[in-house]
Amino acid sequence: MEFSYAGLFSRTMPTIDHLGIAVKSLAAAREFYERLGLTISGEEVVESEQVRVGMIALGESRIELLEPTAENSPVGKFLSKRGEGLHHISLRVPDLPSVVAKLKNDGVRLVSDEIKTGAGGHRYIFVHPASAGGVLLELVEAAR
Ligand code: CO
C-alpha cells in the first residue's frame, strides 16, 4: 500500500502545536503578552536545550517563548545571528516514532537522530530547515 503522510495525522486533527519564538528576556516578553491579555504559564528550564520556556495557551495551539540559558546554545546562537523572532513551527502528530521512521527512510534531514523529551514531558524531534523549506520544523507527539 502506498504510504500517506495524511494517515499519520488521521487520528487527531492536524494541529499547529505551537510557534516557538526566541526572546532575549522571558520577563520582557511576559510584559508584552500580558498587555495583550494573555498569560504565560508552565515556565520551566529545559536543560538539554539550554532554554527557559514559557507557554501561552491560544486555543488548540500555543506560543512557546524561548530564552536561552547559555550564549552558545542553539537558541542563544540564533539570537546573536538573527535577533529575536520566530524560531520554529511545531506540528502535533499522533505517532511520532512512525513519522520519524518514515522521514529517515525518505532521507529527510533531522536535527538529531533521537526523539527527545522536552517541556511538559512532550516527545519531539526537529526536521532540519534544509529538508523543510527553510523552516525549522518541530514534530511533537500528541498526548495519548
Ligand atoms: Co518547540
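Modeller: The account below takes the sheet and its helices, then the salt bridges, and then a nonpolar patch.

This is a predicted model, in which local features need pLDDT of at least 70 and side-chain atom pairs count only at pLDDT 80 or more, whereas totals for chains, interfaces and linings use all residues. Residues are numbered from 1 along each chain as its sequence is written, and side-chain values use heavy atoms, with hydrogens and water left out.

Eight strands make up an open sheet of mixed pairing, in the order S2-S3-S4-S1-S5-S8-S7-S6. Helices (H or I, at least four residues) and strands (E, at least two) are DSSP runs, numbered from the N terminus; two strands pair if DSSP finds at least two bridges between them. At the edges stand S2 (40-46) and S6 (116-117), each of which pairs on one side only. S2 is joined to S3 (residues 51-58) by five bridges in the antiparallel sense, and isoleucine 40 is placed opposite isoleucine 56 in S3.

Helix H2 (residues 26-35) packs on the sheet and touches S1 (15-22), S2, S3 and S4 (61-68), with its direction at about 150° to that of S4. Contact here means heavy atoms within 4.5 Å; axes are lines fitted to C-alpha atoms, for helices over the stretch in contact, and angles run from 0 to 180 degrees between N-to-C directions. Helix H4 (residues 96-105) lies across S5 (85-93), S7 (123-127) and S8 (137-141), and runs at about 20° to S7.

Side chains of opposite charge can pair when their charged atoms come close. A salt bridge is counted when a side-chain nitrogen of Lys or Arg is within 4 Å of a carboxyl oxygen of Asp or Glu, and by this rule there are nine. One of them joins arginine 30 to glutamate 43 at 2.5 Å, N to O. This pair connects distant parts of the chain, 13 residues apart, with arginine 30 in helix H2 and glutamate 43 in strand S2. Arginine 30 is partly exposed, because its relative accessibility is 25% and the class lies between buried (under 20% relative accessible area) and exposed (over 50%), with a 1.4 Å probe and protein chains only. Glutamate 43, at 43%, is also partly exposed.

Within the sheet, glutamate 67 of S4 and arginine 52 of S3, 15 residues apart, are linked by a salt bridge of 2.6 Å, N to O. Glutamate 67 is buried, with a relative accessible area of 13%, whereas arginine 52 is partly exposed at 28%. Aspartate 106 and lysine 102 form another salt bridge, at 3.2 Å, N to O; here aspartate 106 is partly exposed at 39% and lysine 102 is buried at 19%. Asp17, Arg62 and Arg92 are linked in a network of such bridges.

A nonpolar surface patch consists of Ile16, Leu19 and Leu86, with about 240 Å² of accessible area together. Patches are made of residues with over 30% relative accessible area and no salt bridge, like charges being joined within 9 Å and nonpolar side chains (Val, Leu, Ile, Met, Phe, Trp, Tyr) within 5 Å; the areas come from the Shrake-Rupley method with a 1.4 Å probe, and for residues only the protein chains shown count as cover. Leucine 19 belongs to strand S1 and is partly exposed, at 31%. Leucine 86 is in strand S5. Leaving aside neighbours within four places in sequence, leucine 86 is in contact with Leu19, Gly20, Ile21 and Phe78. The C-alpha atoms of leucine 86 and valine 23 are separated by 9.1 Å, although these residues are 63 residues apart along the chain.
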